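Please look over the sequence and the model below before reading on. The paragraphs after it go through the chain part by part.

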Amino acid sequence: MLIRNGLLALPGEDSLVRADLRTRDERISGISLAAGGSLAPADGEVVVDASKFLVFPGALDPHVHFDEPGFESREDFFHGSSEAAKGGVTTVIDMPCTSLPPVTNREALHGKLEAMGGKSVVDFALYGGVAGNGIGESLAHAMADLAPDVVGFKCYFISSMETFTRIDHYRFPEVLRKAAGLGRPLLLHAEDWDLVTAATAAVKSARGNSPPEWADYVASRPEAAETVACAAAVALASGFEPNLHVVHVGTAEAARIVASAGASCETCAHYLAFSSDDFASKGSSLKTAPVVKEKGQSELLWKHLADGSIAFCASDHAPSPFEEKNTGSVWTDYGGIPGTGTMAPYLLSEGLFAGRLTLRRYVEISSESAAKRYGLWGGKGSLEPGKDADFFLVDPEGSWTVEGRSLLSKGRITPFEGMRLRGRVISTWVRGRPVYEAARADRGETGIAVEAGYGKHLRWGYR
Ligand SMILES: [Zn+2]
């Protein structure tokens, strides 16, 4: 296969480079700069004319909740991975906490692989979980049992899930040390339990019997809850900071605390795009945990993405059906949104094309940095000969409007509804095969171009 004459986003380059890209046996077999003369197609070789398109390395989404098995009414691997493919994502990493049973031991991991086997259309890796319930088993053997099959471990400082409870500050250093010993990062949901619990009670009591408002939900998760939790995590890390990764950071101060300690963090597109003021127009469609922050934080997060204090972007894709999103109360509406299909298009439009991110930084944020962090860099994360032929083609002249009803996810309620984005994904390729083609979608199909199950399970050290 020859992808001919496209503008390629090559690693470490400050600008796009016109070149031909050849794939063979699922890999990139050669890249030839147009200045050096075009590659001649071999006999019978399929040629794709990419002269009007930009070619980006396949995006990694290192934070998705595909909920299978157990909560398939919210999302499953086929719909979730289809939505990912539509948005240029070629590898997802799935969280251990929102399936049943949660992936805290090897039996649960095998159950998950069996349940979702044959369903993903993009490549995927998994995290193992460490919950307060069962922490003894985790530290004794379950983390070690899981390590060969997972690319990191996830834990929470605060959790409302009965099946996956928080770990306390006393146990946290032990879990971090254990993960480090196994050569895996520990991912932390960093919001302070003490602050959120007390704030929630105070807000509810102040509201009394009147109907709660979105401001109540915002006030129940104060911004200090994130900075306090990050400061605690860093203080308790005692030498293992490089092994700590804080997920979905929404404040600049938290990013600074984490980065200056030598740990890493991610943010999500919704923290870049929205503030708590937007609840007035978006209501429940914007409800996530942690909640979006005060106006002003977004531009600071963009700055920290650009300067490297925030390592990369993730979607925290966690959709739910209409009924769960509209229960009639800000307290019980589901806290999660779809996002894996809008993440890379949003970063392209509002980051790269809007001038907030350099090309080099966009490539790091969307592909390279997460591939390195999660042991996939040998085969994923950049357009280089020898790596998997994972990329997506974008028409820079095209623009489109996000519409919930067009999402391939099971969840159709998105705060990005109605947002106009520059740059249209034309096709997404995983290991040399188109998994999504916009031309099919234009004909009224879903756009998915491979059979369910094409995606494969990636392990740490994949090459
Ligand atoms: Zn999450």
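The model is a predicted one. The domain assignment of the chain gives two domains: domain 1 is made of residues 2-55 + 385-442, and domain 2 covers residues 59-373. Taken over C-alpha atoms, the centres of domain 1 and domain 2 lie 28 Å apart. Where they meet, 29 residues of domain 1 are in contact with 39 residues of domain 2. On the domain 1 side, the elements that give two or more residues are β15 (391-401), β16 and β17. The largest share of that side, six residues, is from β16. By residue type, the side of domain 1 that touches domain 2 holds 16 nonpolar, seven polar and six charged residues.

Next comes a sheet. Strands of a sheet pair through backbone hydrogen bonds, in either a parallel or an antiparallel way. Here six strands form an open sheet with parallel pairing, in the order β9-β10-β11-β12-β13-β14. The edge strands, β9 (128-129) and β14 (312-314), each pair on one side only. Within the sheet, β12 (residues 244-246) and β13 (residues 264-268) are joined in the parallel sense over two bridges. V246 stands opposite C265 in β13. Helix α4 (residues 172-181) packs on this sheet and touches β10 (153-156), β11 (186-189) and β12. The direction of α4 makes about 150 degrees with that of β11.

Helix α1 is the next stop. After α1 comes G88, with a positive phi near 85 degrees.

Is R221 buried or exposed? A residue is buried if 20 or more other C-beta atoms lie within 10 Å of its own. R221 has 25 other C-beta atoms within 10 Å, and is therefore buried. Leaving out residues up to four places away in sequence, R221 touches E191, V196, P290 and V291. R221 and A199 are 22 residues apart in sequence, and their C-alpha atoms are 7.0 Å apart in space.

Notes: Residues numbered from 1 in each chain as written. Predicted model: local features only at pLDDT ≥ 70, side-chain atom pairs only at ≥ 80, totals over all residues. Helix = DSSP H or I, 4+ residues; strand = E, 2+ residues; numbered from the N terminus. Domains from an automatic or database assignment. Contact = placed C-beta atoms within 7 Å. Nonpolar A, V, L, I, M, F, W, Y, C, P; charged D, E, K, R; others polar. Pairing = 2+ DSSP bridges. Axes fitted to C-alpha atoms, helices over the stretch in contact; angles between N-to-C directions. Buried ≥ 20, exposed ≤ 12 C-beta atoms within 10 Å, placed from the backbone.
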